[in-house]
Amino acid sequence: MFDRPQAAASSSVDDGPSRVHIGGPPLRAGLERALAGAVAWRERARASKTTDAWLLHVPDVGPTCEVLLADRLFHDLRPAERDGLLAFVRGSQADSGAWLDAHGEPDLSLTTLGWWVLRDAGDDPRSEPMLRAQRVVHQLGGAQRANFSVRLWLAMGGQIPWTWLPAIPSELFLLPPHVLLSPSRFSPWARGMLTPYFVIARAPARLQLPDATALLLPHNDGQPMAPRLTRPGLAGDLLQAFDRTVKLARKLPRGPLPRLATRRALAFIDEHQQGHGGWFSVRPTLLSLVALRVMGATSSDARLRRGLDHLRRGRGRARIPQGRGAGEVALAQGIAGPSLDVHGRLLACGPTEPELAWLLRQELTLRGPWQARADAATGGFPFESGATHHLDVDGTCTVLHTLASLPEVAGPTPGFTTAIWATSRRALDVLLAMQEPDGRFSRFERGESDVLMQQLPWTDADLLAHGRTDDDEHVRTSARVLATLSAAGFRIDDDRMARGLRWLEHTLGPRMHEHVTTGRLSTVAALAEALGPLTPTSHPLRRELEQRLRVRQHEDGGFGPIVDTAHALQAMLALGLHDVQTQRAAAWLATRAMRDRDGELASWSQPVDRGLGLSPAGFDPSAGPRETAIALQAYLATKP
Amino acid sequence: MSTTDPIVTTEPAARGAVTEAPLRHARYDVVIVGAGLAGCATARALALADRFARRRVLVVDRYRDVHPRFSGELIHPRGAQILDDLGLFSALHGVGGIEVGGFAVFEHADAPFVDLSYADVPRERPRGLSIHHKELVRTLRRELRATPRGSAEGIELLEGWAVADLLRHGDRIRGVVLEGKGGQRASVHADLVIAADGKGSTVRKLAGISDEGRETIGFTAGVELRGASLPRPGYAHVFLGAWGPVLAYPILRQADGTIRTRVTFDLPRELPVKGPALKQHLLRSYVPFVPAPLSAEIAAAVMAHRGPLEMAPTVNLPAPSAAMPGLVLVGDAAGCSHPITASGMTMGLRDAETLGLQAKRRADAPDGEPWLDAESLRRYRAEHDRYVPTRQALADAIYEAFRGGEDGSRAIRRALFDYWGSGGTARRRSMALLSCSERRPHVFLTEYIKTARHALETSLVPQHASMYPVGDRVRRARGAAKLARNKLGLVAAVMWAQVRPAWLTRIESR
């Protein structure tokens, strides 16, 4: 695929000091450079030792901090690991004292966690960085206003009362799974968090952690202000009253109900430990391990060992993306295990047969909770490698895309090809089964965004569902599924495809500005890949997408950062555009790829929302070379 | 029976071209246009019916050898029996035709197949016949030439001549004007013209018979494999899951024992890609839905195929009036549907058989009277109109269900497999209908009702999901009910075709 005959240079683009001949050697050289970068990242992520492997998705300091806090209970971290993780936390602190989210904004929850972890590590709370962090926490409303996860840790550490967390009535866990209020109707991440939370709160657990009351904003009388658990308004007040009633009722004798509910929650935790040892992702894993521990599991318990090993595999080296130590290398805890979405796209840049065999082995073979509402046989791919229970539609699309490109890329042996086809068939069935009645596609489970209890005015209600039904992630996921299905031969005359397209039209139509004009170009690329094969060039949505995409191009030919330009080029190619704007984008990419001298391409890292649950955004260090390689490959393959 | 050596000068052509054709007569009892399966079988049936050896039959075809495009190759037992009755079966079997035991239908590549066996159908041959189309036509033409001389004049076969016009006398068709490759023309008078020139019939157009309702459904692309690993050897296979069904069936046993297998891909009318990219499209969008190791063999055959793939349009042509004064339509010219039920050739053979019966009834018709008179044509049409609607209704419904383009059709597809899985009786009854062996109206109605009931049941009960949303169940059931309701008209038409009194049939003139 990479040794196609060079096309004659037909035009050139002036790009500052260098002139790039379209289709000539610079493009090819840029592609080779990007491919080399992508392959290097593949190898970095594959290193056998945790301390040598690199993370392909670098989250904020949240997971790292929580692992450090939980180690008070597990005593599992090796000194080198602890030091590496602490270096990541310290290096990520901004000069202002805050810890920033992936978009560069000071974050109350992260700052609370960061301060607490450093305090636990022995940092002097009167030191300047710690005082600054404390001030930031107070400015942002105090630790009591941090997110649910942080408040849970504060409660476990005895820093705030358990009443500052929302109550879960025991009866919920005894409801049959099809009942709307049952926890099985929550999104998988929420289920993974709230089930161990219910067990822990019932215990209740207490970890030996340093005093963090300095982070709580006090009243004038010196007593910390209790947070409001519900939103303002009558409904919120009523719910707050209900919450108090539940908590009060806990003190009354209620027979065997709480015990039965706890038993069922523990059974859920047992059943949902995946093949790789973890639960849905890192936070549910941590909480599940804590729940098992507080319910009596010893440190030699196999479930605990497997879970801790999974957490260890989820760690890796990372270049600190922002903060005082930006650019330094430290050890960070990933938000989940190695992501198949990223691995799959890296493999699209020239895979080897062993790598493909590894990819095929990641297919789901066990019945999972996603099949409760999706009528498909087992198949598809999880979010992280080695997972056995949870489907990820995004990852499945990526793997299918990679596998579909094989006959040209790798030319595997016939037996291998039929195995790929069998896997693809199952995965396609799974994708189709993940369609909601309105036409959109869910990412992890059907109904993940239609949680009834999310409608209640809890301040933490957003936890219960996987985003909104019309948010960027669902738009991108739906577009990716439509593109994947269309690449497999499904056409608009299939009612499922037509329904999906109608949903896109309906959702995007009034919100083109949000999703396309100012939205992420990765989403625009996914939309273009869906609309390109499914709609005629005169289709209004397609035309508007094209126009808005064109407007985003800068004078130099790029679309901003290199990853954005790569996505934009992919989008233009998917729309069948081969005009001068496309040529200039390709030339810009190739030039940038050649200019970059740092193999790790730190400047190419971009924040991406590829995470789970709270503060999902992170940095994808392999995105630059990977997406550049994919875009330039596609450009050279389709150049007229 | 006879070759076309003598040169006979006939009437001057309208355009004043050279008017000579290699014919022995200027007048025939019957002219059959099209020397494919239906034409050759009809000629043979007429020859066998001419027990007093008085009739002259001319068979004309525009191609000297065979039609260059691939066509039907599978014949159900009912058709195989007719071939046997016409004395053609052994010849076809002898040149490599393969007896097929039925159909193996795969709902998807990972599922066990449903065995729809001919042997289960009572009072029918246990096997059908499958043969490479070109070999089939060559053999039939060879047999036609060697037909035992039952009549004094026998059958004449004229190859390389096309029909340019029809000769008329009032409303009645009296013959054809033939045109050779060099533009020369010849007028041939006949008491009866039989159009057996396929779905794009020129004669039908010249006669002014409306093509109303004709619809190009899509295209069929085909490749040939040698020694393919069919999951059920000796059976035709249907693989579902891709955009359209993939069919695979043996077509020829070679002298060295190797079996040649035809694989066809059902493509949409608007081809997603054309030219060489079509191979890649088949590899990505069709071949993966075939179980291994056959899929790998198909992929290798597609890749190794040189030049453009063989393709033919799939056409739905609601049966036009099959007879008018002086003209009869047989085979695909008399209506065709999607080849999914592989019933086209069997229908052509039934047409030949029916005409043969009428010819036998009129074998002793006095000179000066047409061999096949108006009453014969009316009887032919009455009979033809009974079995053709069933075939078309079934092909239409099965294709829609197998395509599975919408909720309702997917529900029907699921229901069909569920129904077939319910027992041998269900499979036997379905197979009897599909193989054109069953025509009792109550059986058709019963099968329709049972499938509709299964569709509703399977829509409401998911296969894998434990908490399948009620809304999805209702949507699927509603889709199935809507489709079943839409097919009610078709069912009624089929039922009426079976019970309609024969005297209602009239031969209209145009």
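Mentor: Start with what counts as an element: helices are DSSP runs of H or I with at least four residues, and strands are E runs with at least two. On that basis chain A has 24 helices and 7 strands. Keep in mind that this is a predicted model.

Trainee: Why is A:S442 called buried?

Mentor: The cut-off is 20 or more other C-beta atoms within 10 Å. A:S442 has 25, so it is buried. This residue lies in the loop between α16 and α17 (472–487) of chain A.

Trainee: Which residues is A:S442 in contact with, leaving aside neighbours within four places in sequence?

Mentor: They are A:V393, A:M434, A:E436, A:E448 and A:S449. The test for contact is C-beta atoms within 7 Å. A:T469 is 27 residues away from A:S442 in sequence, and their C-alpha atoms are 8.6 Å apart.

Trainee: How do you know that the length of helix α24 of chain A agrees with its residue count?

Mentor: The expected span is 1.5 Å times one less than the number of residues. For the 16 residues of α24(A), 623–638, that comes to 22 Å. The end C-alpha atoms are 22 Å apart, so the two agree.

Trainee: Is α24(A) mostly covered or mostly open?

Mentor: Mostly covered: 12 of its 16 residues are buried. Among them are A:A623, A:P625, A:I630, A:L632 and A:Y635. The charged residues A:R626 and A:E627 are also in the buried set.

Trainee: What makes β15 and β16 of chain B a pair?

Mentor: Pairing needs at least two DSSP bridges. Strand β15 (residues 236–239) and β16(B) have 3, in the antiparallel sense. B:H237 stands opposite B:A248 in β16(B). The two strands form a hairpin with 6 residues between them, and B:G241 in the turn has a positive phi of about 130°.

Trainee: How many bridges join β16(B) to β17 of chain B?

Mentor: There are 7, and the strands run antiparallel. B:Y249 stands opposite B:R262 in β17(B). This hairpin has 5 residues between its strands, with B:G257 at a positive phi near 90°. Strand β16(B) itself is mostly covered, with 7 of its 8 residues buried.

Trainee: How many residues of domain 1 of chain B are in contact with domain 3 of chain B?

Mentor: 13 residues of domain 1 are in contact with 13 residues of domain 3. On the domain 1 side, α2 (77–85) and α8 (344–361) of chain B each give two or more residues. That side divides into 5 nonpolar, 7 polar and 1 charged. The domain centres are 37 Å apart, taken over C-alpha atoms.

Trainee: What does each chain bring to the contact between A and B?

Mentor: Chain A gives 26 residues and chain B gives 31. Helix α16 (residues 414–433) has the largest share of the chain A side, 7 residues. By class, the chain A side has 13 nonpolar, 6 polar and 7 charged residues.

How values were computed
Residues are numbered from 1 along each chain as its sequence is written. Chains are lettered from A and ligands numbered from 1 in the order in which they are written. This is a predicted model: local features need pLDDT of at least 70, side-chain atom pairs count only at pLDDT 80 or more; totals for chains, interfaces and linings use all residues. Two residues are in contact if their C-beta atoms, placed from the backbone, lie within 7 Å. Domain bounds come from an automatic or database domain assignment.
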